[in-house]
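Please look over the sequence and the structure shown here before reading on.

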Amino acid sequence: WGQGLIVGKSGKGHIVCAGDTALGNNGPTLAYGKSKTVGRFKCTSRTSGMTCKNTRNGHGFRIAKESYRLF
């Protein structure tokens, strides 16, 4: 019963209970084939799903319509 995935400064990605803090549907969008890096974190959007990881330790998550994976 989690509502989101997160990756932090250490450890693997994990599920979080985000409550009602999610952005509305007018938030920023990362186009397919593009990446965004902020500090040590990098997210890449593809038609097959979104991958976000900590570039220093390789941990993160991948999320798609049909599934998710924590690593």
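## How strands pair

Two strands are said to pair if DSSP finds at least two bridges between them. In this predicted model, strand β6, which covers residues 60-63, meets that condition with β7, since the two pair in the antiparallel sense over 3 bridges. Within this pairing, Ile 63 has Tyr 68 of β7 as its bridge partner, while Arg 62 stands opposite Arg 69 in β7. The two strands form a hairpin, with 4 residues between them.

Strand β6 is also joined to β5 (residues 49-54), by 4 bridges, and these two strands run antiparallel. Here Lys 53 is found opposite Gly 60 in β6. The hairpin of β5 and β6 has 5 residues between its strands, and in this hairpin Gly 58 takes a positive phi near 80°.

## The sheet

These pairings belong to an open sheet of 5 strands, in which the order is β3-β4-β5-β6-β7 and the pairing is antiparallel. At its edges lie β3 (35-38) and β7 (68-70), each of which pairs on one side only. On average, neighbouring strands of this sheet are turned by 10° against each other, when direction is ignored. As a general point, side chains in a regular strand alternate between the two faces of the sheet.

## The chain as a whole

The chain contains 7 strands and 0 helices, so that, by the DSSP runs on which these elements rest, its elements read β-β-β-β-β-β-β from the N terminus on. Of its 71 residues, 18% count as buried. The accessible surface of the chain comes to about 5,500 Å², and carbon and sulfur atoms account for 54% of that surface. Among the contacts in the chain with a separation of 6 or more, 27% are between residues 24 or more positions apart.

Thr 44 has its place in strand β4, which spans residues 41-46. Is this residue buried or exposed? Thr 44 counts as buried because its relative accessible area is 14%, and buried means under 20%.

When neighbours within four places in sequence are left aside, Thr 44 is in contact with Leu 30, Lys 34, Ser 35, Gly 49, Met 50 and Thr 51.

Note on methods. Residues are numbered from 1 along each chain as its sequence is written. This is a predicted model: local features need pLDDT of at least 70, side-chain atom pairs count only at pLDDT 80 or more; totals for chains, interfaces and linings use all residues. Side-chain values use heavy atoms; hydrogens and water are left out. Buried means under 20% relative accessible area, exposed over 50%, partly exposed in between (1.4 Å probe, protein chains only). Contact means heavy atoms within 4.5 Å. Axes are lines fitted to C-alpha atoms, for helices over the stretch in contact, and angles run from 0 to 180 degrees between N-to-C directions. Accessible areas come from the Shrake-Rupley method with a 1.4 Å probe; for residues, only the protein chains shown count as cover.
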